[in-house]
Every structure is written in C-alpha cells, then in structure tokens.
Amino acid sequence: MALPEHLFQAAFEQARQATIVLNAQGIPALWNEAFEELFLELAGFVPDKLPVPLFDWLQERDSFQYSYYVTEILLGRMKEAQVESGVRAADGKRLWLRTRLCPLVTPGREHEERWLRCSFEDVTDLKLRERDLVSAKEEAEKATITKSQFLANMSHEIRTPIQTI
C-alpha cells in the first residue's frame, strides 16, 4: 500500500530531530522546522541563505572537519557516520552537536543523484554535565590521595614514639 506523499512531508516537518537533506556538493535541498530553528541559533539566518556548502560553513565556525565522512558516505564506502563536535554560534557561545550522516537513497535513481541526510542534536547540556563529572572525579581522586598521604604520615608518627618504649 503506497502512502500519500503529504504523510511523508508531514512526518518530516513535524519530527523533533533537526534534519536536513543535502545534495552531493553539500548544498541544502530540504530541511525541517527543527533544523531551521537550530540553524537560526547557530547562524542567525535561515539555511536557504547559506553562501557555501553546509559542512564548509560549520568548519569555518570551529567545527569538526566532516569532509572525510561525507566523501566516504557518498562513495558508498560507509553506511553512516556519527560525529560530536563543538561549533561557535552566531552569538559567540559554543554549542556541541551530535551529527548523524547517512546516504539518502532514491529508488530507481541510485546512480543518478547522490543525497545526504543529516540529523543534528544539540548535546551541549550533556557535554557540560560530562565535563562537571570529570572535574568532580578528578577532585575526588586528589582528595583520596591526600587522605592516603595523611593516614600514612599519621601511622608513621604514631608508630615512631611507640617503638622507642
């Protein structure tokens, strides 16, 4: 049973995951509302005003270099890739994005057109909590070392006068 195209369009538009479809050159062809909101936060403008390919633009904003993954996926050597990368937003703050890249196969046109489907998730809060946990762990390890040194010194101080008796 073939579903009407408007159902697919509605499902794509209403998805909470920021998703964009790029052509083989990295130029945005289609995106959903969630991506437009994320991109507005990152760039301060909508994706159709993007002057260069998306991943080139991200790299200019101190982001990860995606070119290897994009090439491997478009050539069919990788089925998908996931990358976490920091990126500088338009307001100067640093956001962390988890990006999933995969080929978008169009039935019957596999050899004519190459498309890339990308989804983005803002994981900034997760990264900040992770950094706080690492910092707390390091502090706890320092406290343990200090406690061990203190107990070793106290044990020595207590044993030394007793041995003279």
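**View 1. The largest pocket and the residues that line it.**
In this predicted model, the largest pocket holds about 310 Å³ of space. Its lining is made up of 13 residues, and those that lie nearest the centre of the pocket are Gln 9, Phe 12, Val 21, Leu 30 and Leu 104. Sorted by class, the lining of the largest pocket consists of nine nonpolar, two polar and two charged residues.

**View 2. The second largest pocket and its lining.**
About 210 Å³ of space lies in the second largest pocket, which is lined by 13 residues, with Ile 73, Leu 74, Pro 103, Val 105 and Arg 114 lying nearest its centre. Helix H4 (67-74) and strand S4 (94-104) are elements that each supply at least two residues of this lining. The residues around the second largest pocket divide into seven nonpolar, two polar and four charged.

**View 3. Arg 98 and its surroundings.**
Arg 98, a residue of strand S4, has a relative accessibility of 14% and therefore counts as buried, since the cut-off for that class is under 20%. The side chain of Arg 98 is joined to the side chain of Glu 84 by a polar contact of 2.7 Å. When neighbours within four places in sequence are left aside, Arg 98 is in contact with Gln 82, Val 83 and Glu 84, and also with Ser 119, Phe 120, Glu 121, Val 123 and Leu 126.

**View 4. Cys 102 and Cys 118, two cysteines in no disulfide.**
The structure as a whole holds zero disulfides. For Cys 102, the nearest cysteine sulfur is that of Cys 118, at 7.7 Å, and for Cys 118 the nearest is, in turn, that of Cys 102, 7.7 Å away.

Conventions:
Residues numbered from 1 in each chain as written. Predicted model: local features only at pLDDT ≥ 70, side-chain atom pairs only at ≥ 80, totals over all residues. Heavy atoms only, no water. 1 Å grid on protein atoms, 1.4 Å probe; cavity = no way out; pocket = protein on both sides within 12 Å on 5 of 7 lines; lining within 4 Å. Points joined across faces, edges and corners; volume = space filled by probe spheres on them. Nonpolar A, V, L, I, M, F, W, Y, C, P; charged D, E, K, R; others polar. Helix = DSSP H or I, 4+ residues; strand = E, 2+ residues; numbered from the N terminus. Buried < 20%, exposed > 50% of the residue type's maximum accessible area, 1.4 Å probe, protein only. Polar contact = N/O pair within 3.5 Å; in protein donor to acceptor, adjacent residues only side chain to side chain. Contact = heavy atoms within 4.5 Å. Disulfide = S-S within 2.5 Å.
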